[in-house]
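I opened a new page for a structure I had not looked at before.

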Amino acid sequence: MESGFEILGELTSIEIIAAGSSIRTLRHLIDAYGLGRWRKLKGTASVRLRNGRVRRAEIHWYEAHGIGKKDFKIKRYID
């Protein structure tokens, strides 16, 4: 739980919101995790916050085949 929250269960309503050179932080992703077909995605999930509270949230993250999901971030709370 290094980012201040823990994802509980499954991510749902997943959508691609950017891919390839459309990703602003593409250089960072390549430097940190390696070359890959990077995509920025969003979805919803229940999360447990650092204070123990459980909320439904919209999550954004980056993903590349063979590298996996990286850099999760809560964008907004749904409940």
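Predicted model: local features only at pLDDT ≥ 70, side-chain atom pairs only at ≥ 80, totals over all residues.

Residues are numbered from 1 along each chain as its sequence is written, and side-chain values use heavy atoms, with hydrogens and water left out.

**Overall layout.** I took helices (H or I, at least four residues) and strands (E, at least two) as DSSP runs numbered from the N terminus. The protein chain has one helix and four strands, and from the N terminus on they run β-α-β-β-β. I also looked up the extent of the C-alpha trace, which spans about 35 × 25 × 20 Å along its principal axes.

**Core.** I searched for nonpolar cores, meaning sets of buried Ala, Val, Leu, Ile, Met, Phe, Trp, Tyr and Cys residues joined through side-chain atoms within 4.5 Å. The largest has nine residues, among them Phe5, Leu41, Leu49 and Trp61. Strands S1 (5-19), S2 (39-49) and S3 (54-64) each supply at least two residues of this core, and the largest share, four residues, comes from S2. A second, separate core of six residues includes Ile23, Leu29, Tyr62 and Ala64. Taking contact as heavy atoms within 4.5 Å, I found that Leu49, leaving aside its neighbours within four places in sequence, touches Gly4, Phe5, Arg55, Ile74 and Tyr77.

**Salt bridges.** I required a side-chain nitrogen of Lys or Arg within 4 Å of a carboxyl oxygen of Asp or Glu, and the count came to four. One of them joins Arg48 and Glu6 at 3.3 Å, N to O; Arg48 lies in strand S2 and Glu6 in strand S1, so this pair ties together parts 42 residues apart in sequence. Arg27 and Asp31 meet at 3.4 Å, N to O; both lie in helix H1 (residues 26-33), four residues apart, about one turn of the helix, and both are exposed. Arg55 pairs with Asp79, with the closest N and O atoms 3.1 Å apart. Here Arg55 is buried, with a relative accessible area of 17%, whereas Asp79 counts as exposed at 54%.

Note on methods. Buried < 20%, exposed > 50% of the residue type's maximum accessible area, 1.4 Å probe, protein only.
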